[in-house]
Amino acid sequence: MGDERPHYYGKHGTPQKYDPTFKGPIYNRGCTDVICCVFLLLAIVGYVAVGIIAWTHGDPRKVIYPTDSRGEFCGQKGTKNENKPYLFYFNIVKCASPLVLLEFQCPTPQICVEKCPDRYLTYLNARSSRDFEYYKQFCVPGFKDNKGVAEVLRDGDCPAVLIPSKPLARRCFPAIHAHKGVLMVGNETTYEDGHGSRKNITDLVEGAKKANGVLEARQLAMRIFEDYTVSWYWIIIGLVIAMAMSLLFIILLRFLAGIMVWVMIIMVVLVLGYGIFHCYMEYSRLRGEAGSDVSLVDLGFQTDFRVYLHLRQTWLAFMIILSILEVIIILLLIFLRKRILIAIALIKEASRAVGYVMCSLLYPLVTFFLLCLCIAYWASTAVFLSTSNEAVYKIFDDSSCSLTAKTCNPETFPSSNESRLCPNARCQFAFYGGESGYHRALLGLQIFNAFMFFWLANFVLALGQVTLAGAFASYYWALRKPDDLPAFPLFSAFGRALRYHTGSLAFGALILAIVQIIRVILEYLDQRLKAAENKFAKCLMTCLKCCFWCLEKFIKFLNRNAYIMIAIYGTNFCTSARNAFFLLMRNIIRVAVLDKVTDFLFLLGKLLIVGSVGILAFFFFTHRIRIVQDTAPPLNYYWVPILTVIVGSYLIAHGFFSVYGMCVDTLFLCFLEDLERNDGSAERPYFMSSTLKKLLNKTNKKAAES
């Protein structure tokens, strides 16, 4: 056939030369990037040590039971607070964020109470009224009325004011609501004077409005939870349908790749077209209905999302989004119609490879299991670390006492030497945290926990990519397919990856993890800078976030191809990444023509499966299928199971198509290597199948015509 190599070979690196002994993935290989392997093992040992330390100091019961300022749990059986399930904050204003409340970090005295306050009272007025007995239940345990008003408030024995509150997550939050445009505390009839007097609550707005936002979020969460309890069975059925459709789609690709691809394209266009039609019909139906012309901006955020479906603007937005997506897909199909024909041949070859290595379709389950372990360990460690803080008490004194601001123990302070040296001193709650080295290192430990999660998760994904690449490379480099295909190619590739290339996988995962943890830190800093009015800082932060996002995408692309070269040649990470990058650059036209077009086709396949299952779930949960109209469960928000089915269907479809995607990428790199090593003659025959030979002839013909 002669040498058909393009003229641009040699511009990026040295092409591979003919090697008569090369028959695919090298079996006689050595360990690579051993130093990174050692670093990974040491990091895992350190990660386990952090987990043990966190489990020793942390107490996950704080997630369930709130704790008072002395670290005692509210409502837990067998304790003195068993009948006091709610946590009461003396000064809710100091809790500037609901997140602070949920993390038990509010810097104000806290006690366990039987029930939250239901009336507005001040300590000064309550002391001289019959409500004082009611008021004293919200003072510190053992409170005795033997001090003046100023001393009681100074020592933090009682709150200065009681606000009508509602329990949320076993914590008392002010019940603030709007009445005729005026912020009100609780019900008007529960106020101190009983005449519906409006109180000045300006000092409560900062903390209480946010707390009420959490109350609404909690109500939304409860309704969503109720929907899951009555619809989980049907959600599982929907996910099973998505799995069956994905598996059927993969099997049909094995035998009818060309037909299936075109059917997939047509079905995606039709599904989007139906979505546009349905949005238009809903938009037309709402014309003239009262309240349907209210804009989304004027309506604002509503916890009941069904409200938005009664607005014409909502359906107009849906219709515009789907129309734009439809136009983009149609334009891409028009401009890529010839390249799609070429990509179909590559998909056919990938279908054959997957057919001969069918167990590869089950490997995503291994990856999923390992990722679940990583997520579980990270989440549990994060919970234990976040619940490691303790209440810190310090000595306060209005006079010039030398012991002021030193830590103390409230139980032993009255009889201590400090109390005798400073008679007017008092041991008061200061903040949550701790002054030990462990507590000062908590933030660093949380960052290390997140970093190790990224590193291990990326390592698991890299292991899957190398394993699949090794199996599919064994198929490609078998001269007589499938007779020369080795036994158990997937298990052999998995063993080689763990035995020889743990260090290389750790190296690639480490680079990606560093970029990802930097992105997390940038997001954190961006949240902190949102309140600032420094436009330069905001612009700089936006640019940094964009740059690191692009860098992460590039590293993922480079790592993926480097892992393929590792699976084939057994070289270290840097060498593999360089060879893969130069190989792609030497064939940049083919990369653009074939590789990305197949990615686009796989995306359409995912959209077809997700769209089909999503439409079926929509009609079922909205009681629009007459045959099973009475079977669908009653729901607060029908979008809850629908979105769950859609997201779950996408993850399932992505799991199946990720195997195909790795197969295509591996075969593509092997195809490019084959072109450089061999020329198709009897002495140097191609390893590619007849399908790929036809693909080669088509691309060469197009290059000659151009």
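The legends below describe close-up views of aromatic rings and cysteines in a predicted model. Residues are numbered from 1 along each chain as its sequence is written, and side-chain values use heavy atoms, with hydrogens and water left out. Because the model is predicted, local features need pLDDT of at least 70 and side-chain atom pairs count only at pLDDT 80 or more, while totals for chains, interfaces and linings use all residues.

**View 1. Tyr-123 and Phe-132 form an aromatic pair.** A pair of aromatic rings is described by the distance of the centres and the angle of the planes. Rings of Phe, Tyr and Trp (its six-membered ring) pair if their centres lie within 6.5 Å; planes under 30 degrees apart count as stacked, over 60 as edge-to-face and the rest as tilted. The structure holds 32 aromatic pairs. One of them, Tyr-123 with Phe-132, is edge-to-face, with 6.0 Å from centre to centre and 65° between the planes.

**View 2. Phe-249 and Phe-657 form a tilted aromatic pair.** Phe-249 lies in helix H7 (residues 205-285) and Phe-657 in helix H20 (residues 639-677), so the pair ties together parts that are 408 residues apart in sequence. Helices (H or I, at least four residues) and strands (E, at least two) are DSSP runs, numbered from the N terminus. Phe-249 is buried, with a relative accessible area of 7%, and Phe-657 is buried as well, with 2%.

**View 3. Arg-119 lies over the face of Tyr-134.** The distance from Arg-119 to the ring centre of Tyr-134 is 3.9 Å. A charge sits over a ring if NZ of Lys or CZ of Arg is within 6 Å of the ring centre and within 35 degrees of the ring normal. The charged end of Arg-312 also sits over a ring, that of Tyr-283, 4.0 Å from its centre.

**View 4. A disulfide joins Cys-74 to Cys-112.** A disulfide is a pair of cysteine sulfur atoms within 2.5 Å, and a search of the whole structure finds three. In Cys-74 and Cys-112 the sulfur atoms are 1.9 Å apart. The torsion about their S-S bond is about -75°, so this disulfide is left-handed. Cys-74 lies in the loop between helix H2 (61-64) and strand E1 (86-89), whereas Cys-112 lies in strand E2 (residues 110-113), 38 residues apart.

**View 5. Cys-139 and Cys-158 are joined by a disulfide.** Their S to S distance is 1.9 Å. The torsion about the S-S bond is about 110°, so the disulfide is right-handed. Cys-139 lies in the loop between helix H5 (132-136) and helix H6 (149-155), and Cys-158 in the loop between H6 and strand E4 (161-162), so the pair ties together parts that are 19 residues apart in sequence. Both Cys-139 and Cys-158 are buried.

**View 6. Cys-31 is in no disulfide.** The nearest cysteine sulfur to that of Cys-31 belongs to Cys-37, 7.8 Å away. Cys-31 is exposed, with a relative accessible area of 55%.

Note on methods. Buried means under 20% relative accessible area, exposed over 50%, partly exposed in between (1.4 Å probe, protein chains only).
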